[in-house]
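Please have the sequence and the model open while reading.

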Amino acid sequence: RIGALTGAGVGLTIGFIFGSYSILRGGAGPRGAMSTLSQYMLSSAATFGFFLSIGSVIRNDTNQLEHIRQPGSSPLIRSRGEGLAQLRARWELEKLHKRY
């Protein structure tokens with residue numbers, strides 16, 4: 001939510017700057033200055049808001065996954081043998097939990 005709001009604010013500002021420059025450089029066109037400027041601002045706000053909201057969702061999901069990580073496991077890459085041994089140990093624990 002914050003990413004979308006931040007992106008929309010940045011997009012409105014960028015849209016205002018580029019829209020104003022485009023109007024000053026090439027004229028307002030058949031729809032008028034306000035319509036052209038608002039189209040630049042709204043399309044830029046929608047684009048920035050969309051991408052920043054996706055980025056904030058990805059970042060929040062990554063932070064939540066850090067809390068799920070099992071204690072004692074390091075974020076370093078392990079060899080296949082170590083990974084297989086850890087996987088077998090987890091399977092054994094799951095089998096014990098299912099029995100009781």
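The points below are grouped by topic.

This is a predicted model, in which local features need pLDDT of at least 70, side-chain atom pairs count only at pLDDT 80 or more, and totals for chains, interfaces and linings use all residues. Residues are numbered from 1 along each chain as its sequence is written, and side-chain values use heavy atoms, with hydrogens and water left out.

**Annotated spans**
- An unreviewed UniProt entry gives the annotation "transmembrane region" to residues 6-28 and 40-58; such annotations may be inferred rather than shown by experiment.
- Residues 6-28 are 91% helix and 0% strand, with 28 Å between the end C-alpha atoms; helices (H or I, at least four residues) and strands (E, at least two) are DSSP runs, numbered from the N terminus.
- Residues 40-58 are 100% helix and 0% strand, and their end C-alpha atoms are 27 Å apart.

**Gly9**
- Gly9 belongs to helix 1 (residues 2-26).
- Gly9 counts as partly exposed because its relative accessibility is 34% (buried is under 20% relative accessible area, exposed over 50%, partly exposed in between; 1.4 Å probe, protein chains only).
- From Gly9 to Ser44 the C-alpha distance is 9.6 Å, with a sequence separation of 35 residues.

**Nonpolar surface patch**
- Val10, Phe48, Phe50, Phe51, Leu52, Ile54 and Ile58 make up a nonpolar patch with about 620 Å² of accessible area together (Shrake-Rupley method, 1.4 Å probe, only the protein chains shown counting as cover).
- Patch residues have over 30% relative accessible area and no salt bridge; nonpolar side chains (Val, Leu, Ile, Met, Phe, Trp, Tyr) are joined within 5 Å, like charges within 9 Å.
- A salt bridge is a side-chain nitrogen of Lys or Arg within 4 Å of a carboxyl oxygen of Asp or Glu.
- Helix 2 (residues 33-68) supplies the largest share of the patch, six residues.
- Phe48 lies in helix 2 and is partly exposed, at 31% relative accessible area.
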